[in-house]
Every structure is written in structure tokens, then in C-alpha cells.
Amino acid sequence: MKSIKPGRAPSFMGGFASIFVSIFGIFWIFMAINIGAPVFFPIFGILFVIMGIANAIYNFKNATSQNRYSAFDITDDDEEIDPLNERFKPTKQPIDNIEIKYCPYCGNKLAKDFEYCPSCGKKIPD
């Protein structure tokens with residue numbers, strides 16, 4: 001079964017883009033020096049190179065490490081376990097005589113007689 005779970009946000013694509021930014025920074029430095037631009041223009045290029053290298057290291061390390069930062073990912077159960085299933089397991093037994101509703105807009109828990117969500121203020125559909 002496929003599941004949506006935290007994915008791999010900083011990735012190889014981000015690492016390659018960071019390398020491109022570093023190359024652009026080097027190009028910027030040489031062009032700024034060649035045209036005789038004020039001193040802060042080459043310094044701006046140096047900042048590009050430093051940020052590009054730091055970001056490339058971060059992206060490549062994150063894309064290849066076991067404990068990586070993730071935004072969203074779609075996987076099969078045999079690839080990786082779904083941490084959301086571990087966190088949001090259904091309760092073992094439902095509580096009798098209590099109807100629990102959730103706001104369709106923000107997901108806040110609501111009592112059965114609420115007409116408006118106390119969290120987002122939107123009218124709850126019947």
C-alpha cells in the first residue's frame with residue numbers, strides 16, 4: 001500500500017543548483033573586477049560562492065544520509081515504514097455516547113453541536 005510520509009526536501013537537485021550558484025558567483029567576481037566595479041560587487045560574488053558551497057554540502061549530505069530532513073514522499077510499505085501510522089494509530093476502543101467531529105477546514109476537534117469552528121471561525125457544514 002502506498003503512503004504519503006515525510007519526504008526528501010533538500011536533495012541532489014538542490015545540491016546541483018547550489019554548485020551552479022557557486023559558479024555564477026565566480027563568474028560575477030571576475031566580471032566585477034574586469035569592469036572596475038566598486039569593491040562591494042566582488043564581495044557580493046564571494047558571498048554567492050560561500051553560500052553556494054555551504055548549501056551544496058547541506059543538500060548533498062541530506063540527500064544521502066539516513067536521518068534526512070523531509071517535506072513529503074510517497075512510498076510503498078516494503079520500502080519504508082510510515083511514521084504517521086506509528087504516531088496516529090487509531091484508538092483501541094471507541095468511546096461510547098460521544099460523537100467527535102473535526103473541522104473540514106483546519107482539522108480542529110469539535111463537539112457535535114458546534115455550528116462554527118472555534119479555531120478558524122468557519123461555518124461547519126451539516
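Helix α1 (residues 12-34) and helix α2 have axes that come within 7 Å of each other and cross at roughly 165°, where axes are lines fitted to C-alpha atoms, for helices over the stretch in contact, and angles run from 0 to 180 degrees between N-to-C directions. Because angles over 145 degrees count as roughly antiparallel, α1 is roughly antiparallel to α2. The residues of this contact divide into 20 nonpolar, ten polar and no charged, with Asp, Glu, Lys and Arg counting as charged, Ala, Val, Leu, Ile, Met, Phe, Trp, Tyr, Cys and Pro as nonpolar, and the others, Gly among them, as polar.

This is a predicted model, in which local features need pLDDT of at least 70 and side-chain atom pairs count only at pLDDT 80 or more, while totals for chains, interfaces and linings use all residues. Residues are numbered from 1 along each chain as its sequence is written, and side-chain values use heavy atoms, with hydrogens and water left out.

Within helix α2 (residues 40-64) lies Asn 59, helices being DSSP runs (H or I) of at least four residues, numbered from the N terminus. Asn 59 is buried, with a relative accessible area of 6%, and a polar atom of its side chain lies 2.8 Å from the backbone oxygen of Asn 55.

Elsewhere, a search of the whole structure finds one salt bridge, a term for a side-chain nitrogen of Lys or Arg within 4 Å of a carboxyl oxygen of Asp or Glu. Lys 123 forms this salt bridge with Glu 115, their closest N and O atoms being 4.0 Å apart. Lys 123 counts as partly exposed, at 45% relative accessibility, since buried means under 20% relative accessible area, exposed over 50% and partly exposed in between, with a 1.4 Å probe and protein chains only.

Terms used:
Helices (H or I, at least four residues) and strands (E, at least two) are DSSP runs, numbered from the N terminus. A polar contact is a pair of N or O atoms within 3.5 Å; within protein, one must be able to donate a hydrogen and the other to accept it, and residues adjacent in sequence count only if both atoms are side-chain atoms. Angles under 35 degrees count as roughly parallel, over 145 as roughly antiparallel, 65 to 115 as roughly perpendicular and the rest as oblique.
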